Amino acid sequence: MSETFLSIQGVRKAFGQTTVVTDFNLDVDRGEFISFLGPSGCGKTTMLRMVAGFEEPSAGRIMIGGKDVTNLKPNQRNIGMVFQAYALFPNLTVAQNVAFGLKVAGMPKAEADARVAEMLAIIKLPDFGERYPYQLSGGQQQRVALARALAPKPKLLLLDEPLSALDAKVRVSLREEIRSIQKKLGITTIFVTHDQEEALSMSDRIVVMYDGRAEQVGSPFEIYNRPSTKFVANFVGTLNVLDGVVSNPATATVRVNDREITLKKGALNGAKAGDTLSLALRPEAIVLGKQAGRDSTLGGKISDVSFLGSVIRVRVGVGKNAVSLDTFNSPTSPPPVVGEETEISFSAGDVLVLH
Ligand code: ATP
């Protein structure tokens, strides 16, 4: 049975005349890993800071563990936080940094030492206690920041773009490490990011934010495969868009260039004959040429071929539109050629109609 641990209810935030978070509602289960994903300036950090208690909501309330914390100070909320900048105390050793919150809470030294050792083992830096932050790599500093946040055993972990200052390889390995520590401790976590890959790979659920609102809340699978708005469809993953005109609403048939495609029942969502539609397809839903089981085909011309190693990304002009698709590299068959006339195939059931 899942149990709501954090509840954000009708929260709004304005700075002066400018509203930056609007009517935000979210229930987070105990132990869940949630990402706030969205472009710069959409209000992710402001929402996180309200959960932390650094900003006061203009309206609405925030409940943690069934208790209304809207008017409580950050240190009364039992949260741990990690920021983008490493924010370790430069004049304290790693062990002293990790012990910081324990000391503030008045934990006896022997107990604090044991907890620090436990935390350093969890972040896999057991022998780094005596080092200073400047003697650590960026990734190591972020792991120490995580250990420091987790040492007082908070009930809620808030992570504000903790990986964005790190190089790509470290970022990927730290993603996995954070997720595995989070799972091991079972700590409810909110992770702010503008990186869709990070959100898709780490989260139980993602809140896609746009212009201060939660556009869609869902599992990575739902967000990617069933985006509920144009914004979500475009922001998460690569999207190919084809223009179509409804030819027969009763059968959900749409004309694209010179061909007719019959979409899923109900996909037109009330559109009438002659209405123009944006039809979206992920690259992996399209194959080059004809293929059994793919019920729809369109004619096109190859406009670009990029050899990426294991896959070849092919761009195909289809009427006024262009679509990208990937084919697997095969060392024994020649790659597609720019300028070639071709067919693309897909299943009508994979077409998303963007409203
Ligand atoms: P980023 O990824 O760039 O950090 P974000 O989605 O986290 O973006 P926020 O930092 O929450 O966005 O900012 C949302 C909006 O609120 C921005 O337009 C920002 O300028 C504004 N804002 C944030 N803090 C304040 C403040 N203290 N006073 C006035 N405006 C603010």
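Biologist: What kind of model is it, and how are residues numbered?

Modeller: It's a predicted model, where local features need pLDDT of at least 70, side-chain atom pairs count only at pLDDT 80 or more, and totals for chains, interfaces and linings use all residues. Residues are numbered from 1 along each chain as its sequence is written.

Biologist: How many helices and strands does the protein have?

Modeller: There are 8 helices and 20 strands. They're DSSP runs numbered from the N terminus: H or I over at least four residues for helices, E over at least two for strands.

Biologist: What makes helix 1 "largely enclosed"?

Modeller: A residue is buried if 20 or more other C-beta atoms lie within 10 Å of its own, exposed if 12 or fewer, and partly exposed in between, again with C-beta atoms placed from the backbone. In helix 1 (residues 44-52), 7 of the 9 residues are buried, so the rest of the structure largely encloses it. Those are K44, T45, M47, L48, M50, V51 and A52. After helix 1 comes G53, with a positive phi near 100°. Across the protein, buried residues make up 34% of the 355 residues.

Biologist: Why is helix 2 called oblique to helix 3?

Modeller: The axes of helix 2 (residues 94-104) and helix 3 (residues 109-122) come within 9 Å and cross at roughly 130°. Axes are lines fitted to C-alpha atoms, for helices over the stretch in contact, and angles run from 0 to 180 degrees between N-to-C directions. Under 35 degrees is roughly parallel, over 145 roughly antiparallel, 65 to 115 roughly perpendicular, and the rest oblique. That's why helix 2 counts as oblique to helix 3.

Biologist: Which residues make that contact?

Modeller: A95, V98, A99, L102 and K103 of helix 2, with A112, R115, V116, M119 and L120 of helix 3. They divide into 8 nonpolar, no polar and 2 charged. Here Ala, Val, Leu, Ile, Met, Phe, Trp, Tyr, Cys and Pro count as nonpolar, Asp, Glu, Lys and Arg as charged, and the others, Gly among them, as polar.

Biologist: What covers the buried residues of helix 2?

Modeller: The cover includes helix 3 and helix 4 (138-150). Among the buried residues of helix 2 are V94, N97 and G101.

Definitions and conventions. Contact = placed C-beta atoms within 7 Å.
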